[in-house]
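Thank you for giving me a few minutes today.

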Amino acid sequence: MTTTRPRTLAEKVWEAHTVRRGEGAEPDLLYIDLHLVHEVTSPQAFDGLRLAGRKVRRPDLTIATEDHNVPTVDIELPIADPVSRTQVETLRKNCKEFGVRLHPMGDAEQGIVHVIGPQLGLTQPGMTVVCGDSHTSTHGAFGAMAFGIGTSEVEHVLATQTLPLRPFKTMAINVDGRLRPGVTAKDVILAVIAKIGTGGGQGYVLEYRGSAIEALSMEARMTICNMSIEAGARAGMIAPDETTFAYLKGRPHAPQGADWDAAVENWKSLRTDEGAVFDAEVHLDADSLTPFVTWGTNPGQGLPLSESVPDPEQIADETERFAAEKALSYMDLKPGTPLRDIKVDTVFLGSCTNGRIEDLRAAADVLQGRKVAEGVRMLVVPGSMRVRQAAEAEGLDKVFLDAGAEWRQAGCSMCLGMNPDQLAPGERSASTSNRNFEGRQGKGGRTHLVSPLVAAATAVRGTLSSPEDLN
Ligand SMILES: CC(C)[C@H](C(=O)O)[C@@H](O)C(=O)O
Ligand code: SF4
């Protein structure tokens, strides 16, 4: 055993879940504590089980929700799109047949898979969490080892509650200092991705640490871990602390009484040891960060809002130059245009990156007493029904509606074009989601990734803006 060697947080969680260590090039076999399921990546996995005559080994560690394909208006009506309807109906049939708990559309606990896990207290420090979904990295905000898997792996986990896997490399992302007012977790992660690139994290689990990370709320930590995958990483993690414990305490699936005390004692050991060595380290100065927006077609093509659309001719690296040219042509942007002058048609506030209650509060704060600019539509889509309910209890829905925004039911919505909430060809959005790929929000749609504060200010001014611009 190597237990005396100083270890990183990621190594500790990995080792605690290794059922069998692989010899040589063989993968390790990991035990999985929590398996989240949605309608898009599960049908073939359940088919595979059926064909092999297998059961779900641990239905009690498996939970499903409907999120990608659900409409966010008129949810009592049948889903109009036949592909979406079939996916949702198939999930319902599979969950019934295999005894898996499902939160269907309209249910009080329904929502985006990465919003409901933490909200129910299912996601806990030190766990291994998987889902057939790349943004499973969100759950790493709790000090869990959480990562997306493919459909054949979903089947493997359903059947055995284990997964063969080679250890990830470790990268520390140190963010020290203090974020200025108006600078959010979304700006931090967009700056990280712009710095290391969309492939910079490949093969790594990123551990975000430093004083700026420690000062963040759980919701903000989830925003950061959520987008680890956009840097190419397998997972993102943050060591659990008092903020984590306070968030979890009293949640439906959190341990209680003496079990709670024992769990917290154990969770406190989930920190990278003094002297542990990461395979790579990156440093970011929190004080120097400002609101960040993307101008291109991958999440790494971002800049501070105060800057201008870059000139590809000034980019030395040939591949990057070519990518920038292509992106600007798709985005219909001219080099040198101040980012603040870019006009948008639509603002989307939502997704598993920024669809939680604090995100809605931050945006409502900006919109209070203001109006969405003429000709701009704003969709506000809570990440879960619980978030929706909490927002309504605080009167946030009124703030959004009074400002002229639309107040929707919970789901992935305009984060991706799998449901009716889409951009029309050529339409431009400011979006709090995580991907700005070509066609991501609808064929021909153009996406600028932004924070909830920038989204709200942009809705008011009609051009990419931060709340400072509203005074
Ligand atoms: C549909 C699903 C497999 C996909 C993912 O893996 O992330 C989606 O959630 C996304 O954000 O692109
Ligand atoms: S909200 Fe977007 S990123 Fe998150 S799971 Fe849904 S589609 Fe994927």
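Aspartate 273 is partly exposed, with a relative accessible area of 26%, where buried means under 20% relative accessible area, exposed means over 50%, and partly exposed is anything in between, computed with a 1.4 Å probe on protein chains only. What we are looking at is a predicted model, in which local features need pLDDT of at least 70 and side-chain atom pairs count only at pLDDT 80 or more, while totals for chains, interfaces and linings use all residues. Residues are numbered from 1 along each chain as its sequence is written, chains are lettered from A and ligands numbered from 1 in the order in which they are written, and side-chain values use heavy atoms, with hydrogens and water left out.

Which residue does aspartate 273 meet in a salt bridge? The partner is lysine 12, with N and O 2.7 Å apart, and by salt bridge I mean a side-chain nitrogen of Lys or Arg within 4 Å of a carboxyl oxygen of Asp or Glu. Lysine 12 lies in helix 1, residues 9-16, and aspartate 273 in the loop between helix 10 (257-267) and strand 12 (280-285), so the pair ties together parts that are 261 residues apart in sequence. Helices here are DSSP runs of H or I with at least four residues, strands are runs of E with at least two, and both are numbered from the N terminus. As a general point, side chains of opposite charge can pair when their charged atoms come close.

Arginine 377 forms one with glutamate 427, where the closest N and O atoms are 3.1 Å apart. This pair, too, links distant parts of the chain, since arginine 377 sits in strand 16 and glutamate 427 in the loop between strand 17 and strand 18 (428-431), 50 residues apart. Arginine 377 is partly exposed at 28%, whereas glutamate 427 counts as buried at 13% relative accessibility. The other example is local: the side chains of glutamate 392 and arginine 388 meet at 3.3 Å, N to O, and both residues lie in helix 14 (residues 385-393), 4 residues apart, about one turn of the helix.

Glutamate 392 leads us to aspartate 397, which touches Ala391, Glu392 and Trp407, not counting residues up to four places away in sequence; contact here means heavy atoms within 4.5 Å. Aspartate 397 belongs to helix 15, residues 396-403, and is buried, with a relative accessible area of 11%. Although aspartate 397 and tryptophan 407 are 10 residues apart in sequence, their C-alpha atoms are 6.4 Å apart in space.

Two strands count as paired if DSSP finds at least two bridges between them, and 2 bridges join strand 16, residues 377-380, to strand 17. Leucine 379 stands opposite glutamate 406 in strand 17.

Now please find strand 3, residues 34-38, where 5 of its 5 residues are buried. Leu34, Leu36 and His38 lie on one side, and His35 and Val37 on the other. Strand 3 runs parallel to strand 6 (residues 128-131), joined by 3 bridges, and also parallel to strand 4 (residues 62-65), joined by 4 bridges. Histidine 35 stands opposite valine 130 in strand 6, and valine 37 opposite alanine 64 in strand 4.

Finally, what lies around ligand 1? Among the residues there are His68, Asp133, Ser134, His135, Arg435 and Arg440, each with a heavy atom within 4 Å of the ligand. A polar side-chain atom of serine 134 is 2.5 Å from an oxygen atom of ligand 1, and for arginine 440 an N or O atom of the side chain lies 2.7 Å from a ligand oxygen. The protein covers 81% of the 310 Å² of accessible area that ligand 1 has on its own, with areas taken from the Shrake-Rupley method and a 1.4 Å probe, and for residues only the protein chains shown counting as cover.

Methods:
Polar contact = N/O pair within 3.5 Å; in protein donor to acceptor, adjacent residues only side chain to side chain.
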